[in-house]
Amino acid sequence: MASSMVLNHLTGLNTAGVSFPATHRRWNGGARFSNLKIYASDTKQEPDLSVNVNGLHMPNPFVIGSGPPGTNYKVMKKAFDEGWGAVIAKTVSLDAAKVINVTPRYARLRAGANGSAKGQIIGWENIELISDRPLETMLKEFKQLKEEYPDRILIASIMEEYNKAGWEELIDRVEQTGVDAIEVNFSCPHGMPERKMGAAVGQDCDLLEEVCGWINAKATVPVWAKMTPNITDITQPARVSLRSGCEGVAAINTIMSVMGINLKTLHPEPCVEGYSTPGGYSSKAVHPIALGKVMSIAQMMKKEFQDGDYSLSGIGGVETGGDAAEFILLGANTVQVCTGVMMYGYDLVSKLCSELKDFMRTHNFSTIEEFRGASLQYFTTHTELVRIQQEAIRERRAIKKGLQSDKDWTGDGFVKESESMVSN
């Protein structure tokens, strides 16, 4: 399996011109260097968005997520031309004839009264399956893209039924096209689990361990396991995937959902001949959920997988550079966008890059690695939050700032006492 220098999470943050160190470990020619101190640059040089992930160099951390934006040669070429850091193609399997999509297959949730054409789109549901195009066609297009864009990163997304020989054949045929990495779809929440595919594997850690073993025994390029959020503890399948040989994990895939019921017709959405089926939920509304899942995985990886070249790709509701910065601050190496491209187009990447650079300038960061994982240190347990606050209250009382309980209010100092407990 592929490997490159280790890029671990930062444990220090530089703001307002104040630098404090973080430990960064890397492998370089077999030598290990520990306790290398890194500081955010004080220069005004242009921020560098390039990243190196599992030996793959990308001009920026923005990756087309597997789905309609990577469904054929034309759209993937468009993504490269617009400047996306990498493209993950729509998921392929050996027998596309079994994949039959329906139309309509999307439904949207808008802010305010749902159904109003004026409200901002905050949620998007799909009941779309993996690629329905013949595998031979997709493989031919992968090869063409790599011939035309040899220095750009093309990642194949794959899924297969519970069959070792099938997985091995699919990996072999995909790798022959020259793709740079493989993302394994262990997380599609609808349609495919009925055939013991997608989330049916990602939700069963014993099954996941077995299938990951088959995959990583065969693959010669980096392998990312795409995680389902439709599980109690997402760190469990992430841990199993990494221990079974995967170089990285991607999270999250869509959240199982019912978008809504049309109150005039009483039929669910998206409505196909009067019927529907639960599907995958994405877009802005899932962003906080995705951040929580990525944070959990990053903490687990930081604790258990520090000494390896493992990566994390954040997915969920990315529409701005700030959205991406949040994922990176929680430890993500790359950030995937799928629904955002469907809503705003492939040129969204220019806006994302510009806004991420603005964030980096504000904090005087010159590279992605300087702030990756920097916010993980600020998460703790609720019990610890209580302890921290009680200690802070005692300290404020010592300088007569803030109140510990209602009995401490006074009539004469009421305004100042109120102000002492305002946070902004």
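## Getting started

Helices here are DSSP runs of H or I with at least four residues, strands are DSSP runs of E with at least two, and both are numbered from the N terminus. Using that numbering, Asn364 sits in the loop between helix 10 (348–362) and helix 11 (382–398). One thing to keep in mind from the start: this is a predicted model.

Asn364 is a handy first stop. Its phi is near 60 degrees, which is a positive value in a residue other than glycine. Is Asn364 buried or exposed? Its relative accessibility is 17%, and buried means under 20%, so Asn364 counts as buried.

## Another positive phi

Leu266 has a positive phi too, about 70 degrees, although Leu266 is not a glycine. You'll find Leu266 in the loop between strand 14 (260–261) and strand 15 (268–269). Its relative accessibility is 63%, and the cut-off for exposed is over 50%, so Leu266 counts as exposed.

Strand 11 pairs with strand 10 (residues 181–185) in the parallel sense, over 4 bridges. Within that pairing, Asn185 stands opposite Lys226. Strand 11 also runs parallel to strand 12 (residues 248–251), and 3 bridges join them. Here Ala225 is the residue that stands opposite Val249 of strand 12. To get from strand 11 to strand 12, the chain passes through helix 6 (residues 235–243), making a right-handed β-α-β crossover.

## Helix 6 meets helix 7

Helix 6 also packs against helix 7 (residues 287–304). Two packed helices are described by the angle between their axes and the distance between the axes. For helix 6 and helix 7, the angle is about 40 degrees and the axes are 9 Å apart. That makes helix 6 oblique to helix 7. Their crossing is right-handed.

Which residues meet where the two helices pack? From helix 6 come Thr235, Ala238, Arg239, Leu242 and Arg243, and they meet Ser296, Ile297, Met300, Met301 and Glu304 of helix 7.

Strand 7 and strand 8 are antiparallel and pair over 5 bridges, with Tyr106 standing opposite Asn126 of strand 8. Strand 8 (residues 121–126) has 5 of its 6 residues buried, so it is largely enclosed by the rest of the structure. Moving on, 3 bridges join strand 8 to strand 16, and the two run antiparallel. Glu125 stands opposite Tyr281 of strand 16. Finally, strand 16 (residues 279–282) runs antiparallel to strand 13, again with 3 bridges, and Ser257 stands opposite Gly279.

## Two cis peptide bonds

Pro104 is worth a click. It lies in the loop between strand 6 (86–88) and strand 7, and the peptide bond from Thr103 to Pro104 is cis, with omega near 0 degrees. Pro104 has a relative accessible area of 38%, so it is partly exposed. Setting aside residues up to four places away in sequence, Pro104 touches Ile127, Pro270, Cys271 and Val272. Cys271 is 167 residues from Pro104 along the chain, yet their C-alpha atoms are separated by 6.9 Å.

Where is Ile252? It sits in the loop between strand 12 and strand 13.

Notes. Residues are numbered from 1 along each chain as its sequence is written. This is a predicted model: local features need pLDDT of at least 70, side-chain atom pairs count only at pLDDT 80 or more; totals for chains, interfaces and linings use all residues. Side-chain values use heavy atoms; hydrogens and water are left out. Two strands pair if DSSP finds at least two bridges between them. A crossover is right-handed if, with the strands pointing away from the viewer, the path from the first strand over the helix to the second runs clockwise. Axes are lines fitted to C-alpha atoms, for helices over the stretch in contact, and angles run from 0 to 180 degrees between N-to-C directions. Angles under 35 degrees count as roughly parallel, over 145 as roughly antiparallel, 65 to 115 as roughly perpendicular and the rest as oblique. A crossing is left-handed if the near helix is turned anticlockwise from the far one by less than a right angle, and right-handed if clockwise. Contact means heavy atoms within 4.5 Å. Buried means under 20% relative accessible area, exposed over 50%, partly exposed in between (1.4 Å probe, protein chains only).
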